[in-house]
Amino acid sequence: MSLLPPEVHTELAELLIHLQSTDNVIRSQAEEHLANNWTATRPEVLLMGLVEQLQGSNDSGTRSFAAVIFRRVASRQRKVSDDNSIEIFLSMQPEQAEVIRSKLLEALVSESTNSVRNKISDAVAEVARQYAENNQTWSQILNVLFGMSNSAESTQREIAYRIFSQTPAVIEKQPQEMVIAAFQKGFKDTDVAVTLSAMDAFAQFFRTIARKEQQKFYALVPEVLNILPPIKAAQDSEDLTKGLICLIELAEVAPKMFKPTFHTLVSFSISVIQDKELTDTCRQNAMELMATFADYAPAMCRKDPSYTNDMITQCLSLMTDIGQDDDDAAEWNASDDMDPEESDLNHVAGEQCMDRLANKLGGPAVLQPTFSWLPRMMLSDAWKDRHAALMAISAISEGCRDLMIGELNKVLEIVVPALRDPHSRVRWAGCNALGQMSTDFAGTMQEKYHQIVVPAIIPVLSSPEPRVQAHAAAALVNFCEEAEKEILEPYLDDLLTHLFHLLQSSKRYVQEQALSTIATIADSAEAAFAKYYDTLMPMLFSVLQNENTKELRLLRAKAMECATLIALAVGKERLGGDSMALVQILGAIQQSITDADDPQSQYLMHCWGRMCRVLGQDFTPFLQGVMPPLLELASAKADIQLIEDDDQASLQQEEGWELVPLKGKVIGIKTSTLDDKHMAIELLVVYASVLEGSFAPYVEKVMKEIAIPGLAFFFHDPVRVVSAKCVPQLLSSYKKAFGISSPQLQNLWAGTIVKVLEVLSAEPAIDTLAEMYQCFYECVEVMGKKCLNEQHMTLFMESAISTLDHYKARVIARAEEKLENNQEEGEEDSEEMMYAIEDDQTLLSDMNKAFHCIFKNHGASFLPAWEKLHVVYDEFLKSQDPTQRQWGLCIVDDVLEFCGDLSWKYNQFIINPLVAGCKDPAPANRQAAAYGIGVAAHKGGAHWSQFVGATVPVLFDVTRVPHARGEDDIYATENACAAIAKILHFNSSAVENGQQVVNQWIDTLPITNDEEAAPYAYLYLAQLIDQQNPAVVSQAPKIFVHIAQALQSEAIMGQTAIKVVAAAKLLLGIAGLEPAQLLQQLAPESQLTVRTHFS
């Protein structure tokens, strides 16, 4: 029975018809009427009317649309106070809500049309979600859903599980036995649609429950897996795909629950991938399921006897599924689309899976089975096999880097001949492999194999097919970006002759790629590129001065990029008058841009940044033209929209949007706007750092309107990061312009430091929080001594303590996660956990630098605030985690270094950690402890004398650990050597058997790596020479070689080097030695370096 008057239903029915109108005007008016006359003023009547339309309308389309509008309106926010909003449905009076809920469930049960019932179930799920998330009960729904799950009608059973999948919270708190029984019933249903709906409901439910609770449901896995074989037997690709997607979701959350049945699941999935009667989508989802296990449980995959071999075989097989109906590549060669949408094609799926397998399982697992196939495939008569083999090398090179890097000559023996293959797509794939290898094996490829790679690629630039030409040029970009100018110089003539020829191509994409490659070569070749300047720059000017037609925009953008990179390579003097001409051309192009999608606009911003670096202070007059559009981009607000269901699909396809689910709704964030904002602030950093004081006129505006708000721009992490880099540069610019004591700088600092301290306690992302601490300490470095007052220090410490508390909680949570996951000994952490640990280590490192900077600039005045950290600091020094111990030791070092005599007050917290630190198994901690003892000897004062004297034997032990001069331990060794030198120099009276210690100390030299430690050791050595200490006079040849090694490695430079060289000459005179003979112990190039000091 209707509770609303007939006229209300008449009006509402008419409104629903108009809302579905194909006439934009009618539909827009109806939407406005719905918003203003119903949703805003009488939502309760609207929801009641809609639910009664569900019950009373004879038109299925009206019922379906009424359910859609009901769900949309029920989820809208309604203000209940100045500060609080709540969903409309929850805001209603309980009596009204109860009636509407009852009618909604009645409509669900009575609806006979499947499509309408699905829409009603969406509305029911939305209301259920609101109640569950707000801890309110809707007891009626469970009775109805469990009733429907037992219905004789399969469509009702399916709908029940469908609602469970959309709102798993409704069964989360029910007794475990009841939930398991409900799922088991669904899994064993005779109707496939019901079993798949139950499978989806289980996957969604499983993802929402706590990890400890998940294990109680592991026993259901065999029943879940039993659903799929009959579907495969029926060759139903669509249903099989649905089931595989559910398994993927479960594998992401708890891959190890499949451990007892994993081998069976591998065999089944491989059989699906192999079955060409199934759709490509279905086969690819089976592959995705297997790849998901590699992502989340790589050890389990490696242990399976057939997983790796079978997966690599199937990946390679899919990768040969390419170029259907285009065997001679005529269609491919003729296409100008360089970036076709191919993500749903088998060969792309195979390539992407190979990449994941290599990265997750590692080279030892993947390399051998892959290369057992590749040589055979390269000898195949089928071009698709050869293409697949080359693309496989591209796919696995990053993940197999450590093993492949030693075998590059053998890999190149496979790849390089492919550049002469008769088939164009094989040559393209060969270029692709060389380009990828040039990136993945950067350095080694360029230094060891340039004689093989570059001469092999250059002829491909003359291929008859433009697509192959362009890809060869693209591969050269990868090679040249990582190449030193000395490597490139011999090839420049040949390279640029071919690339200049490509600039005459009839294909614009070839011209564009040639320009990008030339720009990269110029960037790497630097001054050596000047030889080609007169040939190329006029051509670029010609392109930039041509008519600005739409089809030439990208070409002109690439020409701008190329011209400004060449300008950067050859320098301001070589540019001469062309620098002003180029700036004027860029200005003219900026004035001509009118369309928002013109690619020249973004390229132009970077070009201005390069010209600023080229011209330096001479760029200042051009700021007035450059800054307005840059400031507009940098000031952009976040474009955020509540996305309706109908718009989701179109936005998912559209580039530049990110869709974020939030409380049953979907929020759309236009990321393209935020990317532009990030780029603009990045360029502001360039201008402020290059122009320094000349940028001052813009500093206040940029700081207050862009950089400071950017620190709290929570829609986009990169904007916050680049804003953090901008703030200290702006302060530095003002400092250069007005001076450290100026009111302009001090006023700017007063407003800035408060905001920077605020963000230290507000930043949610760990990696970004590290950037905020970096921003803080860089600001303090700019502002210098006594820039923080007591309140600032207190606020900093509050944030630091809070940050460390959260850090400790994360450490505990990770330990608990390992236990809950039953992580086996030797099994590596998940990639997600390793990234989290790395982020935390970076955070601790940047926090350390912040403490160091405060102590450096404020000394003992920071101690009262710092004392609040004692409890945390003591915990860290006693921790089992070497990172935490290092953090504690570094702060100890700062107290000793910058607080002088006052540091003795804390000796009971410092002495034992320093001694223990020298015996720490972690080399970095031995280094920090040795450094701390050296600092105590140098700056701690008389109180520390007895302690440091007693640590000499411990320091000698640091220099005698196994592999003391190995890569890991050398810095600890050298810091211990320097610390002993400081003790002998500043606290000699506290050292027993001083001469004997000096004799031993000589054996701890040389110091050739640590530029901070070396001066103390070598100046002390010079002092011993001046004193003609027997320890040095008796070992003059050895001492001279130690000095030569330090000079050659540039561990000592400047005045230190001059003093030490003078002492070395004195030593040679005393001992009657000739340096030439002693220098024979060094490499020839090292001898030349040292001789310059003694000439």
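Contact here means heavy atoms within 4.5 Å. By that rule Asn432 touches Met391, Ser394 and His471, leaving aside residues up to four places away in sequence. The model is predicted, so local features need pLDDT of at least 70 and side-chain atom pairs count only at pLDDT 80 or more, while totals for chains, interfaces and linings use all residues. Residues are numbered from 1 along each chain as its sequence is written, and side-chain values use heavy atoms, with hydrogens and water left out.

Asn432 belongs to helix α28 (residues 424–440). Helices are DSSP runs of H or I with at least four residues, strands are runs of E with at least two, and both are numbered from the N terminus. With a relative accessibility of 19%, Asn432 counts as buried. Buried means under 20% relative accessible area, exposed means over 50%, and partly exposed lies in between, with a 1.4 Å probe and protein chains only.

Further along the chain is a pair of packed helices. Two packed helices are described by the angle between their axes and the distance between the axes. The axes of α35 (residues 553–570) and α37 (residues 578–592) come within 12 Å and cross at roughly 155°. Axes are lines fitted to C-alpha atoms, for helices over the stretch in contact, and angles run from 0 to 180 degrees between N-to-C directions. The two helices α35 and α37 are therefore roughly antiparallel; angles over 145 degrees count as such, those under 35 as roughly parallel, 65 to 115 as roughly perpendicular and the rest as oblique. On the α35 side, Arg556, Met560, Ala563, Thr564 and Ala567 meet Leu582, Leu586 and Ile589 of α37. The residues of this contact divide into 6 nonpolar, 1 polar and 1 charged. Ala, Val, Leu, Ile, Met, Phe, Trp, Tyr, Cys and Pro count as nonpolar, Asp, Glu, Lys and Arg as charged, and the others, Gly among them, as polar.

Helix α52 (residues 923–939) has 17 residues and reaches 24 Å from its first C-alpha to its last, close to the 24 Å expected at 1.5 Å a residue. The expected span is 1.5 Å times one less than the number of residues. Of the 17 residues of α52, 12 are buried, so the helix is largely enclosed by the rest of the structure. Among them are Asn925, Arg926, Tyr931 and Ile933. The buried residues of α52 pack against α50 (882–899), α51 (907–918), α53 (945–950), α54 (952–958) and α55 (970–986). Just after α52, Gly941 takes a positive phi of about 90°.

Ala1064 lies in helix α60 (residues 1054–1071) and counts as buried at 1% relative accessibility. Not counting residues up to four places away in sequence, Ala1064 touches Ile1025, Phe1040, Ile1043 and Phe1094. Ala1044 is 20 residues from Ala1064 in sequence, and their C-alpha atoms are 9.2 Å apart in space.

Some loops hold backbone details. Asn135, in the loop between α7 (114–133) and α8 (139–149), has a phi near 55°, a positive value in a residue other than glycine. Asn135 is exposed, with a relative accessible area of 61%. Glu526, in the loop between α33 (508–525) and α34 (533–545), also has a positive phi, near 55°. At 37% relative accessibility, Glu526 counts as partly exposed. The peptide bond from Leu1005 to Pro1006 is cis, with omega near 5°, and Pro1006 sits in the loop between α56 (994–1002) and α57 (1014–1026).
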